[in-house]
Amino acid sequence: AAPPPPPPAQVGPSPAPPPLSAREESRPRNDNPRTTAAGFDPEALERGAKALREFNNSIHAKKAFELLRKQEESRQAEEAARKAEFQALQAQHETERQRVIYDEQKKLVQQQAQTK
C-alpha cells in the first residue's frame, strides 16, 4: 500500500498587524499620501499661489499671459477643426449607410418582381 499523504499546509488568515496606538486608531486611513486626512493637501495650493505671485510681479508677466492666451486659442481652433472633421466623417458614413440600405431594398423589390 502507498504511504499516507502529508498533512495539508496551514491555510488561514495572515498574522495580525501590530496593535495601533489609540491616536492612530482614531485617525482615518490615508491611502493617498498626497492628501491630508480631510482629503486636501494645502501645501500644493500654497506653492502654486506663491509661484503665481512671483509670476505676476515679473516684468514679463503680461507677455507670458498673452502667449498662453494665444496658445489656448490655437488649441481650441485645432479642437474645432478636429470636431468638424469628425462630423464630416459621420455624415459621410451615414450617407454610405443610407445608400447601402437603398441598394438592398432595390434588390429585394427586383427579386420579388421576378418571383411573381
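**Helices, salt bridges and surface of a predicted model**

The accessible surface of the protein comes to about 11500 Å², and 58% of that area belongs to carbon and sulfur atoms. The coordinates discussed here are those of a predicted model.

Me: How many helices and strands does the protein have, and what pattern do they follow along the sequence?
Reply: In this predicted model, the protein has 3 helices and 0 strands. Read along the sequence, these elements give the pattern α-α-α.

Me: In which helix is confidence lowest, and in which is it highest?
Reply: For the protein as a whole, the mean pLDDT is 82, and 67% of the residues reach 70 or more. Where pLDDT is low, the predicted coordinates should not be read in detail. Confidence is lowest in helix α1 (residues 22-26), where the mean is 58, and it is highest, at 95, in α3.

Me: What percentage of the residues of the protein count as buried?
Reply: A residue counts as buried when its relative accessible area is under 20%. Applied to the 116 residues of the protein, the share that counts as buried is 1%.

Me: Which residues make the nonpolar surface patch of about 300 Å²?
Reply: One member of the patch, Phe55, has its place in helix α2 (residues 42-56). Phe55 counts as partly exposed because its relative accessibility is 31%. The patch of about 300 Å² is made by Leu52, Phe55 and Phe65.

Me: How many salt bridges does the count come to?
Reply: The rule asks for a side-chain nitrogen of Lys or Arg within 4 Å of a carboxyl oxygen of Asp or Glu. By this rule, the count comes to 8 salt bridges.

Me: At what N to O distance do the side chains of Glu72 and Arg75 meet?
Reply: Glu72 and Arg75 both lie in helix α3 (residues 61-115), where they are 3 residues apart, about one turn of the helix. Glu72 counts as partly exposed because its relative accessibility is 34%, and Arg75 is likewise classed as partly exposed because its value is 41%. Their side chains meet in a salt bridge with an N to O distance of 2.6 Å.

Me: Why are Arg82 and Glu79 separated by about one helical turn, and at what N to O distance do their side chains meet?
Reply: The separation is about one helical turn because Arg82 and Glu79 are 3 residues apart in helix α3. Arg82, at 46% relative accessibility, counts as partly exposed, and Glu79 is partly exposed with a relative accessible area of 37%. The side chains of Arg82 and Glu79 meet in a salt bridge, and its N to O distance is 2.4 Å.

Me: Which residues are linked in a network of salt bridges?
Reply: The salt bridges described above each join a pair, including Glu72 with Arg75 and Arg82 with Glu79. Residues are also linked in a network of salt bridges, and its members are Glu66, Arg69 and Glu73.

How values were computed: Residues are numbered from 1 along each chain as its sequence is written. This is a predicted model: local features need pLDDT of at least 70, side-chain atom pairs count only at pLDDT 80 or more; totals for chains, interfaces and linings use all residues. Side-chain values use heavy atoms; hydrogens and water are left out. Patches are made of residues with over 30% relative accessible area and no salt bridge: like charges are joined within 9 Å, nonpolar side chains (Val, Leu, Ile, Met, Phe, Trp, Tyr) within 5 Å. Accessible areas come from the Shrake-Rupley method with a 1.4 Å probe; for residues, only the protein chains shown count as cover. Helices (H or I, at least four residues) and strands (E, at least two) are DSSP runs, numbered from the N terminus. Buried means under 20% relative accessible area, exposed over 50%, partly exposed in between (1.4 Å probe, protein chains only). pLDDT is the predictor's confidence in each residue, from 0 to 100.
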